[in-house]
Amino acid sequence: MSWIRSRSAAWATIGALALALFVSRCAPSAPKKDAKKAGGGTSDIAVAAQKTYVAPGDLDEYYLFSSGGHSGQIYVFGVPSMRHISTIPVFTPYPATGYGFDDDSKKMLGNLTWGDVHHPALSETNGDYDGRWLFVNEMNGRVARIDLRDFKTKQILGPIPNVSGNHASAFVTPNSEYSVMASRFSIPIPKGTALEIAKYATDFKGVITGIKIDPKSGEMSFGWQVVMPPFNYDLGDAGKKASDGWVFFTSYNAERATGKLEVTSTQRDRDYIAMVDWKMAEKLAAEGKGTLIGGVKVLDPKELPGLVYLLPCGKSPHGVDVAPDGNWIVGSGKLQGVTTVFNFEKIQTAIRNKDFTGEEDGIPVLKYESIKDAEVPVGLGPLHTQFGTDGYAYTSLFVDSAVAKWKLGTWEVVDKVPMSYSIGHLTAAEGDTVSPDGNYLVGLNKLSHGRHLSVGPSQPESSQLVDITEEKMKLLYDAFTEPEPHYAQMVKADKIHPIEVYPKEENKHPHAIWDVKDASVTRNGNKVLVKMIAVRSTLTPTDFELKEGDEVTIAITNIEQTTDELHGLGILDYNINLVVDPGETKTVTFKAKRGTFPFYCTNFCSALHQEMQGYMIVR
Amino acid sequence: MQGFFARLNQSLARPLGVAPRLLVVASALLLVAVYLFPLWNLTMFAPQYPEGLRLDIYSYKLVGGNGGQDIPEINILNHYIGMRDLVTDDFTEFKWLPFVVGALGLLYLRAAVMGTVGGLVDVLVLNIYFSAFALWSFGYKMYVYGHNLLPTAAVKVEPFMPPMFGGTQLANFEVYSYPQAGSYAMGLSSLLLVAALVVAWRQSRAASRQGT
C-alpha cells in the first residue's frame with residue numbers, strides 16, 4: 001500500500017505546484033497601483049468631513065456655476081458642501097421656473113429649445129470677477145447673459161452669422177469688453193452655402209467673433225468677426241495683464257482633413273493656437289473695414305497683417321489658459337504627455353523679428369522653439385489648466401484620469417491626485433483670474449462609473465472637490481450632476497449680491513397691477529387682456545369667460561414682497577405653466593379653445609395653496 | 001378745614017424755584033422724542049419667520065420691519081383669521097396724538113415760565129390723563145383688532161386680546177409687545193413733572209417754615 005500512498009503524495013505535490021503556478025499567474029483583484037490603498041490623494045475621512053461639512057443653516061464659501069452641457073442650463077452649487085442649490089435655465093425651457101412658457105422667455109429662446117452650454121464666464125473688472133453677469137455660450141452660435149442680481153437669463157444673442165459650432169466661447173476679456181466665439185466646425189460662409197466636402201481645405205472657413213458687452217447694462221451686440229483657415233477652433237482664453245489685448249484659441253485639424261477625423265486630423269505633430277489682436281480688430285471694425293458676409297463685416301487677416309498669428313502647439317491641443325500674470329500661455333496637447341508653456345514676451349520678440357516658419361492662408365506661423373518656455377511632463381491627455389496661489393498650476397489629465405500640480409517657472413510636477421473618472425475641465429477658486437484664491441479645485445469628470453447608488457445605464461457625471469491648501473492635493477468629496485458639466489466658474493460668495501424679491505417700485509411692466517380691485521378682463525375685438533393678481537391664497541379674477549378663438553393675454557402680477565413667496569399659474573390642457581416671483585409680472589398669450597379649464601397655483605405657497613384656483617370658461 | 005384750603009391755595013400760588021422750572025422744561029423737551037421714536041413695538045416669530053415680523057407704532061404712523069414689507073405680510077397672514085388690515089387711515093390717533101403732544105409741550109413750557117405750583121399740578125394732571133387715555137386707546141385698538149374678526153374667515157379662531165406688554169404664543173407665532181423709546185420718554189417726562197412737583201413742594205414747605 002505504501003506505493004499507493006507515495007503515488008498519491010506525488011500527485012498531490014504536482015497538483016499543488018500547478019495550482020501555485022496558476023495562482024501566481026492570476027491577475028490581481030485590484031490594480032497594484034491602487035491610489036486609495038496607497039493613501040494617495042485621499043483625505044483622512046474625519047478631516048475631509050470637517051472641511052466639507054456646512055452645518056444646517058450655514059452658508060457655503062463659494063458659488064460654483066457649472067455648465068449644464070446639452071441640458072442647456074447652468075447648475076449652481078455651493079462649495080465646499082457641493083450642494084446643488086439651483087438650476088438656471090438658459091437655452092432650454094424649464095417648467096420648474098416657468099422658463100420658456102411665458103411670452104418673454106419664449107421669444108428669447110426663439111425657435112431653438114435646445115442649446116449645448118459649454119463655458120460659463122463671469123464678468124471681470126481688471127481681470128478679476130466682479131460678480132455682475134455670467135456669460136454662457138452654446139454650440140448653435142449663441143451667447144447668453146445671466147444677471148447675477150436675480151440669477152435670470154436676460155439676453156440670448158444669436159445665432160451669430162457665419163459662426164458654426166460655437167465651442168471656443170464665452171471667454172471674456174479682462175474688463176468684459178468682449179465675450180468671444182469661434183467655429184468648431186468650419187463651413188462655407190455665409191450659412192446656407194452648400195459645397196462638396198472635397199473643397200473643405202480651400203473653401204470652408206472658420207470664424208472668430210468678438211461679442212461686444214455694454215459696460216453698464218451688460219447688453220451684448222455684434223462686435224467684430226475674423227475669417228480663419230478651416231481648422232477646428234476648440235477653446236480660448238483672453239490675455240490678461242502682460243498679454244491684455246490678445247485672445248488665444250486652440251485649434252485641431254491643422255491638416256484641414258475631413259472624413260474620419262480621429263485618424264485624418266491627428267497626423268501632424270503640431271496644430272495651432274491662434275492669437276487675435278482684439279484691440280486691433282475693434283479698431284478695424286470701427287473703421288468699417290471688412291467684407292460683408294452673411295450680413296456682418298468680416299475681417300480677413302490675409303489683408304490685415306498683425307491681426308492674427310499662429311503658435312504651433314502639439315498635438316491636437318484642447319485647452320489654452322493664460323497664467324495670472326498674463327505672461328505664460330499654457331496649451332495642452334491632448335494626445336501628448338506634456339503641456340506646452342509659451343512666453344508672451346518671447347512671442348512679441350518673435351513677432352518683431354518676423355521669426356516665422358511659414359504661413360496658413362496668409363497668417364504667419366511663429367517659430368515654436370523661439371516662443372516656447374517649457375514642455376511640462378504633466379501626464380497623459382492634458383486638457384485644461386487652472387491656477388492657484390504661489391505660482392502653482394493644475395492640469396487635468398483625461399487619459400491618466402488625474403490632476404497634476406506643477407509650478408510655473410520651475411516647471412516641476414509636484415503632485416498628482418486621481419480623479420474618478422476621466423476628468424475633462426477643472427475649475428479652481430477664481431482660478432482663471434489675475435488673482436486665484438487657491439483653497440479648492442473641482443474636477444468635472446466625464447464618467448462616474450457607479451460611484452453612486454445605481455440609477456441604471458443613464459449615469460450622472462461626477463464632480464469631485466479637491467483640497468489644494470496644502471502641498472499634497474486631497475480628494476474631499478464626490479458630487480454628481482446631470483449631464484453635463486464642461487467648464488465651471490468658482491467665485492467667492494461675497495462677490496455676488498442677489499436680490500430676494502423684485503421691488504414693487506422697480507416693476508415697470510405696463511400690465512402690472514398691485515391691488516386686487518384692479519384685476520380685470522378687457523376685450524378689444526377678439527383680443528382679450530386678463531390682468532390677474534396672485535397673492536396668498538387667491539388668483540384674482542377667480543373666474544372669467546372668453547369666446548372661442550379669442551386671442552388672450554394673461555398678465556399675472558405676484559404682488560407679494562416676501563422672500564420665497566412664489567406663485568404659479570398652471571392652466572390645464574393648455575401647456576401653460578408660469579411661475580411668478582414676488583414683485584414680478586409675466587404674460588402668456590394663447591388662442592382660446594372651447595371648454596371649462598381650471599387654473600391653479602402650481603408653486604406651493606401657503607396653508608390654503610390648494611384653494612388657490614379658478615376657472616377659465618371659453619364659450 | 002378752611003385753613004387747609006387757605007394753605008393749599010397759598011402753596012399752589014407759590015412761585016417755582018429754578019430747579020423745578022428746569023425740570024419742567026426738560027420734561028417738555030423729552031416730548032420731542034414722541035415725534036422721533038416709536039411708541040410701541042410688536043415682534044412676531046414663527047418657524048417660517050426666524051428673523052421675525054416687526055411693527056413699530058409711532059405717534060403718527062405705522063412702520064413695518066424689513067423695509068416696510070412686514071406690514072403687508074402681517075396683513076396677508078391676518079386675513080386668514082379674518083382680521084382687519086392694519087392701515088394707517090384706521091388710526092384716528094395718528095391725527096390727534098401729535099397735535100396733543102405738541103399742545104402738552106407748550107403747556108409745560110407755559111407752566112415753566114408762569115412758574116406756579118398750581119400750574120405745575122395742572123400739567124401733571126393733564127400728562128397723566130393723556131398718558132392713560134393714549135394707553136387705553138392703544139389697548140382698545142388691539143382689542144378691536146383681536147375681536148372684530150370676519151365670520152367668513154378661512155381659519156376660525158376665538159377672539160383674542162393681543163399682548164400689550166410682554167410675550168405670548170398665538171397659533172404658530174411667538175408675539176412680543178413692548179413700549180419703545182417714545183413711550184419711555186413720555187414716562188420719563190411724567191416722572192420729571194412729579195420730581196418737579198416734589199422739589200417745588202419741598203421748597204414751598206421750607207419757605208413756609210422760614211415764613212412762620
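Modeller: A strand is a DSSP run of E at least two residues long, and strands are numbered from the N terminus. The model discussed below is predicted.

Biologist: In which element of chain A is the place of A:Asn439?

Modeller: A:Asn439 has a positive phi of about 60° although it is not a glycine. Most residues other than glycine have a negative phi. The element that holds A:Asn439, residues 438-445 of chain A, is strand β28.

Biologist: Does A:Asn439 count as buried or exposed?

Modeller: A residue needs 20 or more other C-beta atoms within 10 Å of its own to be buried. A:Asn439 has 20 C-beta neighbours inside 10 Å, so A:Asn439 counts as buried.

Biologist: Where in chain A is A:Ser316 found?

Modeller: A:Ser316 is not a glycine, yet its phi is positive, about 50°. With 25 C-beta neighbours inside 10 Å, A:Ser316 counts as buried. It is found in the loop between β16 (308-314) and β17 (317-322) of chain A.

Biologist: What is omega for the cis peptide bond that joins A:Thr540 and A:Pro541?

Modeller: A:Pro541 is found in the loop between β34 (538-540) and β35 (543-546) of chain A. The peptide bond from A:Thr540 to A:Pro541 is cis, with omega about 5°.

Biologist: Which residues have the most contacts inside the largest nonpolar core?

Modeller: In soluble globular proteins, nonpolar side chains tend to be buried together. The largest nonpolar core here has 125 residues. A second, separate core of 26 residues includes A:Val530 and A:Ile554. In the largest core, the residues with the most contacts are A:Val276, A:Leu311 and A:Val403.

Biologist: How many residues of chain B are in contact with chain A?

Modeller: Chain A brings five residues to the contact with chain B. On the side of chain B, the number of residues is six.

Biologist: What is the radius of gyration of chain B?

Modeller: Chain B has seven helices and five strands. For its 212 residues the globule rule gives 17 Å, and the value for chain B is well over that, so the chain is more spread out than a compact globule. The C-alpha trace of chain B spans about 75 × 35 × 25 Å along its principal axes. Its radius of gyration is 22 Å.

Biologist: Within what arc do the buried residues of α5(B) fall?

Modeller: The buried residues of α5(B) include B:Leu97, B:Val101, B:Leu104 and B:Tyr108. Seen down the axis of α5(B), the buried residues line one face of the helix, because they fall within an arc of 125°.

Biologist: Which exposed residues are on the face of α5(B) turned away from its buried side?

Modeller: The buried residues of α5(B) are covered by elements including α2 (18-30), α3 (33-36) and α6 (117-147) of chain B. The face turned away from the buried side carries the exposed residues B:Lys95, B:Phe99, B:Leu106 and B:Val113.

Biologist: How many of the twelve residues of α1(B) are buried?

Modeller: At 1.5 Å a residue, helix α1 (residues 2-13) of chain B should span 16 Å, and its end C-alpha atoms are 16 Å apart, which agrees. The helix is hardly covered, and its count of buried residues is zero.

Conventions
Residues are numbered from 1 along each chain as its sequence is written. Chains are lettered from A and ligands numbered from 1 in the order in which they are written. This is a predicted model: local features need pLDDT of at least 70, side-chain atom pairs count only at pLDDT 80 or more; totals for chains, interfaces and linings use all residues. Two residues are in contact if their C-beta atoms, placed from the backbone, lie within 7 Å. A nonpolar core is a set of buried Ala, Val, Leu, Ile, Met, Phe, Trp, Tyr and Cys residues joined through C-beta atoms within 7 Å. Helices (H or I, at least four residues) and strands (E, at least two) are DSSP runs, numbered from the N terminus. The radius of gyration is taken over C-alpha atoms; the globule rule is 2.2 Å times the number of residues to the power 0.38. The expected span of a helix is 1.5 Å times one less than its number of residues. The arc is that of the directions from the helix axis to the C-beta atoms.
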